[in-house]
Amino acid sequence: MQEKIIILDFGSQTTQLIARRLRELDTFCEILPYNKFPVGDPDVIGVILAGSPFSVYDPEAFKVDLNQFVGRMPVLGICYGAQFISHTLGGRVEPADSREYGRANLTTIDTQCPLFRGFEPNSQVWMSHGDTITALPEGFSVVASTDKVRYAAYEAKGQNIFGVQFHPEVFHSLQGTQLLRNFVVDICGGHQTWSPANFIDTTVQELKEQIGQDRVILGLSGGVDSSVAAVLLNRAIGQQLTCIFVDHGMLRKNEFHDVMKDYEGLGLNVIGVDASQKFFADLEGVTDPEKKRKIIGRDFVEVFDAEARKITDARWLAQGTIYPDRIESLNITGKVIKSHHNVGGLPKEMNLQLCEPLKWLFKDEVRRVGRQLGMPEHLIERHPFPGPGLAVRILGAITPEKVHTLQEADDIYIRALREWGLYNQVWQAGAILLSEVRSVGVMGDERTYENPVALRAVTSTDAMTADWAHLPYDFLARVSNDIINKVRGVNRVCYDISSKPPSTIEWE
Ligand code: XMP
């Protein structure tokens with residue numbers, strides 16, 4: 001049994017954060033659309049109704065049938081969730097005089113209420129709501145208030161229902177994690193058993209049962225997700241797993257060779273395919289970013305497919321898909337916030353079933369699992385790298401010479417980040433070759449007319465938004481100097497100071 005908390009998603013941006021906090025409490029949880037509560041699942045020990053951009057009075061507001069869980073398990077409503085419960089069970093919700101937004105302090109707290117056990121007087125919380133509860137349903141009592149919000153938190157003792165109008169999941173609610181711990185552990189009786197070691201044991205067992213004696217193919221990218229998925233599968237089914245690592249010729253300097261060595265060291269059954277000539281030939285003269293991406297995607301599938309077909313008895317295709325790749329947060333338009341990059345497009349007649357052993361994990365959890373599996377630190381801490389590789393970091397047509405130039409510049413930059421202890425402080429970094437731009441310089445007594453290189457480094461938590469990293473000037477000066485002195489064809493270095501949005505992390 002894998003006990004779990006269900007978080008019902010009503011479209012708020014902070015829903016994912018609730019899941020993060022619960023995982024930090026070593027508690028397994030799933031975010032599900034508000035109307036997909038798994039009635040009858042014996043593993044569910046509690047439910048959280050999360051926030052929403054809607055007011056309970058909006059005609060389009062998302063509604064859930066509370067009878068599915070009220071009285072059967074503990075329930076916690078957060079913000080809209082709290083208002084929805086109160087409104088549905090006979091309380092009153094009205095537009096607040098002024099929008100209640102930002103920091104607030106709980107001026108009265110009933111610490112006898114199990115949700116607030118251990119709370120300090122005046123504990124700071126974060127409010128963000130336009131409506132407010134003005135009367136509670138019968139049998140409900142107020143357990144915390146702020147100056148402005150009388151019913152900041154409530155409890156319905158006999159029914160095991162709790163509600164808070166603030167957001168315990170956000171950083172500015174200083175005891176928010178304590179509140180969530182109180183709910184999960186004390187109220188729902190959770191055992192906090194979700195850990196990398198536990199995850200590995202359960203997953204290895206499940207994979208053995210799921211796959212049996214079948215053969216599995218997995219596409220490796222050199223990145224942390226596919227590598228951890230491979231090592232996990234290798235532990236479960238050993239040589240039944242065949243990994244395929246395609247070199248499209250636009251990886252980082254020495255990467256194909258180094259990563260192959262790492263994989264072999266990990267005991268993986270891996271086939272390395274050098275397909276660079278095909279990719280370069282098909283990309284010749286192509287300058288449009290989307291065309292480049294399409295060609296690379298198509299060639300990749302072709303090469304992967306040709307290799308995969310050699311493994312005639314394969315039944316499964318494994319991928320390193322992780323949780324944020326899959327979460328389709330229900331925003332107002334129902335749009336997918338982040339689409340998921342994967343091998344995709346393999347011919348249907350191959351009839352492969354999909355195996356995604358990391359599909360419940362966040363990135364940092366993948367890293368913890370990798371460490372627990374004994375993988376080398378440099379593989380685990382590796383920055384994300386785009387599938388099309390340096391092709392999206394060379395503006396203009398791609399040639400092997402340009403790739404070589406960029407590899408050299410990028411290598412100097414990444415090495416320096418490591419030497420200066422900055423590599424792990426940024427989410428991702430890389431160099432970009434502006435191969436269609438030339439500027440004048442002077443080297444010795446010679447005039448030069450060469451390309452600039454841009455350096456990019458960003459901080460981020462999920463790549464959906466990112467800020468440019470404020471790297472030290474001394475570091476940038478040193479890297480600029482090294483690149484201009486050592487890399488032929490580059491006479492200028494710039495630093496990209498754009499955030500995402502409105503820019504993106506990659507230049508193409
Ligand atoms: P952008 O440029 O959209 O990138 O801000 C967000 C994150 O996604 C990575 N990226 C890709 N990863 N295949 C991948 O596997 C791709 O085609 C691709 N394009 C962008 C990018 O490096 C960043 O981490």
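Tutor: Start with burial: a residue is called buried when its relative accessible area is under 20%, exposed when it is over 50%, and partly exposed in between. Keep in mind that this is a predicted model.

Student: Why is Asp 299 called buried?
Tutor: The relative accessibility of Asp 299 is 0%. The cut-off is under 20%, so Asp 299 counts as buried.

Student: What makes Arg 298 partly exposed?
Tutor: Its relative accessible area is 43%. Partly exposed is the class between buried, under 20%, and exposed, over 50%, so Arg 298 belongs there with its 43%.

Student: How do you know that the side chains of Asp 299 and Arg 298 meet in a salt bridge?
Tutor: The rule asks for a side-chain nitrogen of Lys or Arg within 4 Å of a carboxyl oxygen of Asp or Glu. For Asp 299 and Arg 298 the N to O distance is 3.0 Å, so the pair meets the rule.

Student: Which residues are linked in a network of salt bridges?
Tutor: The network links Lys 278, Asp 282, Arg 298, Asp 299 and Glu 302.

Student: How many salt bridges does the count come to by this rule?
Tutor: The count comes to 30.

Student: What makes Glu 381 and Arg 371 a salt bridge?
Tutor: Their side chains meet at 2.5 Å, N to O, and the limit is 4 Å. Glu 381 lies in the loop between α11 and α12, and Arg 371 in helix α10, ten residues apart. Glu 381 has 19% relative accessibility and counts as buried, while Arg 371 has 36% and counts as partly exposed.

Student: Why is it said that Arg 393 and Glu 506 tie together parts of the chain?
Tutor: The side chains of Arg 393 and Glu 506 meet in a salt bridge of 2.8 Å, N to O. Arg 393 lies in the loop between α11 and α12 and Glu 506 in the segment after β20, so the pair ties together parts that are 113 residues apart in sequence. Arg 393 is buried at 3%, and Glu 506 is buried at 13%.

Student: What does Arg 367 touch, not counting residues up to four places away in sequence?
Tutor: Arg 367, in helix α10, touches Val 224, Ile 380, Glu 381 and Arg 382. A polar atom of the Arg 367 side chain lies 3.1 Å from the backbone oxygen of Arg 382.

Student: Turning to strands, why is β2 described as largely enclosed?
Tutor: Four of the five residues of β2 (residues 29-33) are buried, so the rest of the structure largely encloses this strand.

Student: How do you know that β1 and β2 pair?
Tutor: Pairing needs at least two bridges, and five bridges join β1 (residues 4-9) to β2, which run parallel. Asp 9 stands opposite Pro 33 in β2.

Student: What makes β2 and β6 edge strands?
Tutor: The open sheet of eight strands runs in the order β2-β1-β3-β4-β10-β9-β8-β6, with mixed pairing. β2 and β6 each have a single partner strand, so one side of each is left without a neighbour in the sheet.

Student: What makes β12 mostly covered?
Tutor: Seven of its seven residues, 241-247, are buried. Leu 241, Cys 243, Phe 245 and Asp 247 point one way, and Thr 242, Ile 244 and Val 246 point the other way.

Student: Which strands pair with β12 in the parallel sense?
Tutor: Five bridges join β11 (residues 215-220) to β12, and five bridges pair β12 with β13 (residues 270-274). Ile 244 has Ile 271 in β13 as its bridge partner. The chain crosses from β12 to β13 through helix α6 (residues 255-265), and this crossover is right-handed.

Definitions and conventions: Residues are numbered from 1 along each chain as its sequence is written. This is a predicted model: local features need pLDDT of at least 70, side-chain atom pairs count only at pLDDT 80 or more; totals for chains, interfaces and linings use all residues. Side-chain values use heavy atoms; hydrogens and water are left out. Helices (H or I, at least four residues) and strands (E, at least two) are DSSP runs, numbered from the N terminus. A polar contact is a pair of N or O atoms within 3.5 Å; within protein, one must be able to donate a hydrogen and the other to accept it, and residues adjacent in sequence count only if both atoms are side-chain atoms. Contact means heavy atoms within 4.5 Å. Buried means under 20% relative accessible area, exposed over 50%, partly exposed in between (1.4 Å probe, protein chains only). A crossover is right-handed if, with the strands pointing away from the viewer, the path from the first strand over the helix to the second runs clockwise.
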